[in-house]
Amino acid sequence: MGFLSPWFLAGLAALALPVYIHLLRQHRAQPKPFSSLMFFERRLQSSVRRRRLRYLLLFALRALLVALLALAFANPYIKKPAAAAGAESRLTVIAVDDSFSMRVSGRLEKAKSEAQAVIAGLPPGALAQVVSFGSAVKVLTQPVADRAELEAAVAAIEPSDSRTSYAELARALRALGASAKRPLDVHLISDMQRSGLPASFAELELPEGARMKAHPVAAKRVENWAVESVSAPHRVYDPSKVRVQAVLAGFGTPASRRRASLVVNGRVIESREVEIPASGRAAVEFSRLELPHGWGRAEVRLEPSDALPEDDRYRIAVERLEPRRLLFVEEAGRERAALYFKTALEAASGAAFGIDTASPGQLGNVALGRYAAVVLSDAGSLPEGFVKELREYVRSGGGLLIAAATAAAARAALPVAEGRVTAVRYASREAERFLSAGAVDTAHPVLARVNRLEGVKFFQTAVLEMKGGRVLARLADQSPLLVEQTLGAGRILVFASALDNISNDFPLRASFVPFVEQAANYLAGLSEAPSAYVVDTFYELRGTSDPVSTMEVFDPERRRVLSLAESAKARNIQLASQGFYEIRRANGRVDLAAVNADRRESDLDPLPADAVSLWQNTGQGAVSGGAQAGSVRWSLWWYVMLGVALASLAESVVSARYLGKEKLS
Amino acid sequence: MLQRFLSPSVLAGISGLELVAKTVVDGFVAGLHRSPDFGFSQEFAEYRAYSEGDDLRHVDWNVFARTERAYLKRYRGETNTLVTVLLDASASMGFSSQSVKKIDYARYLCASIFYLAIHQQRDGAGIIVFDDEIRNFVPPSTRHGQLYRLLHALEGAEPKARTDFAQPFVHFQQFLRRRGVVVVVSDFYEEASKVIRTVEPLRYRGSELLLFHVLDPQEIEPRLDGPALLIDMETGGSLEVSPEYAAREYREKIGAHIAALRDKAKAAGIDYFLLDTSRPLDAALREYLSLRAGRM
């Protein structure tokens, strides 16, 4: 017998309470003066032995109640020797590794034949269960004694692209052990990849009483080269300016010369010979990425092929787009702001945007539909028709940046946005020489890389009075500096200063470039997405505020991933296999996601034998062996609590009886 | 009817020892039958010729006028005795389980004896109050106002601690030079043989010795509801006592002690009388008078 929380046994000290109540308190002698004690003898008098417990039954019940409560908190259990009952009392779990590394030729077949051999060796009537594991555990059968069902489950195991996670397997085994309420015999059939170990060995703990036997299907280390990573933009506007960089890695390999090729839509664009050091890495850069307009399925390929050819290719999805147009509106003769804005945009986004500048007087014939966003740079009075058209443009999803300064202050209200400029502050005229930025919401995409606007001096700022909206940045005096409002599906950013170097020195600062780039991307609705994903990561299909619309997702095998219900509701999908996923949205837009296996799987170095032995020992049965092997804890908590209930009931009855007697007496 | 007034609990309600003594003695005497064995003093006995050195105050001047011879008039009263009461005022005498403490009971007894001796018998009376030592001493006398001096001494006899019973007795001899009646009133918490050995020398001058053993009913037959922590009133020591012990062993021991005192006193020619503080005083007075009669 043992206790899960033995410290609670200290509560047995509370037994002193009923003893005190019954023995000491009840029988405390009252002091009485007496003329002389010469006829009393000490040896017969002063002794607790002479005191008699009154209400012996009540005392016994109260002591029992306290003792049982302490026992209940200590959570007692007994160990039942499960092994004594034979194989029927154990559950055999056959865990077959189906991770990406099992694609090395012959490994999975060998693993399946090992599993079949284990099934054949099961004693008659023994319960067994088949699971496969990679990054997650798939339970392929319930605990059954039917060998045919077990064999069919093993035969159905297919290789996956996920990575090995022994921690996930151990967690699943603990859950299986708890639900089966019997000790496990685990047969681990795997290539025993070292990279599958978790950071903490404690995560590998097997359930109590479990015995694990490893069946390694890869006896020695295998040489393997892989394209470890590729760096390329997700969107390309000018292919001539794009560079594609790849890292090539060798795992347990000698120094060798390999050929790396950049392939786009099945056509080799560029090839290079690369020297890869022994078990080392080498970088290669491709200077061209020739793409037709639209999505391109590109990959960096390593030749010649090796034991694991699947990781010799690294897929990337690249979209070639025409540069977006931005309409930059400012007063005639004040082209300074447009110059800074255009220069910053060109420096940052690799010709993602082209800028058309116009003065308020030239806005009569502008078709806003062809612009990704509109910038009003301290524009004064605008044509009424343009403002109306601009409002509709924003409402339908367009973006608008308003830089409000002196000219805007002359207007009664800001165009399109809900608010107005009440005054313009000239810091140099007042006590302060300049104002600096205070609180900046760096979590917002527009301000993520502006370094909190440190060092930027604002000399002229507009005092904004906005109706609603979210303040993204404030000046040091807490007045709003950048405010975001939404109108319909569109976004409006209001900047409380001008974009030139007169009102502030922001255009001269390094943070101006990322600010302009991110603001343009944000207003144009261009999200930053990676060019490649890793297997088992999640791909976001729609944001929480996106309108409900159906979408279809096709996996690399051109199978639909989403059910009908999921296509209208699912917010994300897990990318389960490597290849190109195609996401078709209701508005006709098609996205492409390139998915590659986790490159930790490319390291085929097996676990050392002592690590496997250590893991096996985490199950108590394996440690103790012999007679104690396979013992299971049987909690006595419920029985103790039942005793507590009965004792308290009996105590109530007995004490009521005694109290009744005392009252009568 | 008058017996009722001799009850200690009734006497406790009377303030003033003189009144108590008067109530006791008058009630007691009124209930006595006349006896030829004793008569009160002041009765003429005889004339004796004056001889040199006799006190001139005792000369019968009427006879001298008629006969011109000096005769001394002798009374029976001259055979009156001296009563000396030794009152134990140790702390144990302060015990009571009822309305009357042992010391109060002893005071009533002493006051009654003094009243009886001085008013009824014209005896000289004195008192020694003692605990560890002699606390108060009023020499026996028949002088006017003696009763009040004695009662005053009784009033001041408050119980105090004592550890040794025998210690003060060695000094008593010097105060008891004349023979008479010596009454010892105590609870005698000492071994019987030691008590007798201590008081016996008081008889050497021919005095009659009477021991009044004053005990509370609880001391004779204690009754405890449950275990009790008894605290010795003299030593301050404490002892836990079970009711079973008090009901059996203690009673046997105190009974043996009383019997030993009685036997050893009788063997030594000392009168011994056990007084239960719940009992009236008349029995004690009767005992005293019988002893007094023997002296006459």
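These entries record what I looked up in a predicted model.

**Conventions.** I number residues from 1 along each chain as its sequence is written, and chains are lettered from A and ligands numbered from 1 in the order in which they are written. In this predicted model, local features need pLDDT of at least 70 and side-chain atom pairs count only at pLDDT 80 or more, while totals for chains, interfaces and linings use all residues.

**Chain A overall.** I found 14 helices and 33 strands in chain A; these are DSSP runs numbered from the N terminus, helices being H or I with at least four residues and strands E with at least two. I noted that 38% of the 665 residues of chain A count as buried, that is, with 20 or more other C-beta atoms within 10 Å of their own, C-beta atoms being placed from the backbone. Of the contacts (C-beta atoms within 7 Å) in chain A between residues at least 6 apart in sequence, 76% join residues at least 24 apart.

**Helices 4 and 5.** I looked up helix 4 (residues 107–120) and helix 5 (residues 147–155) of chain A, whose axes come within 9 Å and cross at roughly 170°. Helix 4 of chain A is therefore roughly antiparallel to helix 5 of chain A (angles over 145 degrees). In helix 4 of chain A, A:K112, A:A115, A:Q116 and A:I119 meet residues of helix 5 of chain A that include A:L150 and A:V154.

Leaving aside neighbours within four places in sequence, A:A95 is in contact with residues including A:V131, A:F133 and A:H187.

Notes:
Buried ≥ 20, exposed ≤ 12 C-beta atoms within 10 Å, placed from the backbone. Contact = placed C-beta atoms within 7 Å. Axes fitted to C-alpha atoms, helices over the stretch in contact; angles between N-to-C directions. Parallel < 35°, antiparallel > 145°, perpendicular 65-115°, else oblique.
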